[in-house]
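Q: Please take a close look at one part of this model and walk me through it in a single connected account. I would like the cut-offs behind each term as you go.

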Amino acid sequence: MTHNFKKKFGQNFISDKNLLNAIVDDASITNDDEVLEIGAGEGALTKAISQKAKEVVSYEIDSDLKQTLLSLNLPNTKFIFGDIMDFEIGEIEKDFSGTYSIIANLPYYITSPIIFKFLNGTKRLKSLTIMVQKEVAQRIIAKAGSKDYGVLSIMVQFHGDVAVTRMVSRNMFYPQPNVDSSVVHIKVREKYSDIDSNKFYRFIQTCFSMRRKTLKNNLSHSAEFSPLIEKLDEKTLLLRAENFTIEQFIKIFKHLS
């Protein structure tokens, strides 16, 4: 296709059918599933999803691609042109009869906002299968004590079981980006259903607000959490956030609550 690729949208398309089908397989999509695709691009991945799924709703921010996408004539696919971050979760979910899965090829600038929007915003999401920069994937799966461990690692693993399903060379994209990518599959589960996920998110953000500072230092700067510091022992307070596992953070959060 002849398309004016827009750097501001992080447009890097894939046309290899084997890879596209493999991504859909990674998402474990069946003909009973409804799928939300974020970033249709020129529709190559959309087409692969539509061949496996019951229904597909695909958002595309670039209106220049409208004619290309509509010309695909996919009978079980609805295209919506606009920035998905401008749509409320309730509005998005009107197109789904029940639970749904997300499949997306995400540019760097929108990866974390998309993940947090849906993981923190809905109980109807079954899974996310997303192609992201390799470095972002490493942050998502990182464990306590590593340099990549942080808010993204904790909140993704708080909401689901996560795995990198495949590596994707930069050579597979056009135009070619400067980095390699990874496909990450997140299976959502209600392991911590007794915890307010949005409040826990704010707590984790506070704990990592100044990465090289101690828990005590970071919590003391929060109007929400500083009054609760006295509930924690000094040994805990003098450690950095990167030293705590998710289970330990859960224990601390419950204690403060």
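**A helix pair and the sheet beside it**

A: The crossing of H5 and H7 is left-handed, meaning that the near helix is turned anticlockwise from the far one by less than a right angle. This is a predicted model, in which local features need pLDDT of at least 70, side-chain atom pairs count only at pLDDT 80 or more, and totals for chains, interfaces and linings use all residues. Residues are numbered from 1 along each chain as its sequence is written, and side-chain values use heavy atoms, with hydrogens and water left out.

Helix H5 spans residues 108-119, and H7 covers residues 151-159; both are DSSP runs (H or I, at least four residues; strands are E, at least two), numbered from the N terminus. The two helices pack at an angle of about 35 degrees, their axes 11 Å apart. Axes are lines fitted to C-alpha atoms, for helices over the stretch in contact, with angles from 0 to 180 degrees between N-to-C directions.

Who makes the contact (heavy atoms within 4.5 Å)? From H5 come Ser112, Ile115, Phe116 and Leu119, while H7 brings Val151, Leu152, Met155, Val156 and His159. By class, seven of the residues in this contact are nonpolar, two are polar and none is charged.

Strand E7 pairs with strand E9 (residues 181-188) in the antiparallel sense, over eight bridges; pairing takes at least two bridges found by DSSP. Within this pair, Val168 sits opposite Ser181 of E9. H7 packs on the sheet and touches both E7 and E9, its direction making about 115 degrees with that of E7. Another helix, H6 (residues 134-141), lies across E7 and E9 too, as well as across strand E6 (125-133), and runs at about 135 degrees to E6.

Stepping back to the whole sheet, seven strands make up an open arrangement in the order E4-E3-E2-E5-E6-E9-E7, with mixed pairing. Strands E4 (77-81) and E7 (160-168) are at the edges with a single partner strand each, so one side of each has no neighbour in the sheet. From one strand to the next, the twist averages 15 degrees.

Conventions:
Contact means heavy atoms within 4.5 Å. Ala, Val, Leu, Ile, Met, Phe, Trp, Tyr, Cys and Pro count as nonpolar, Asp, Glu, Lys and Arg as charged, and the others, Gly among them, as polar.
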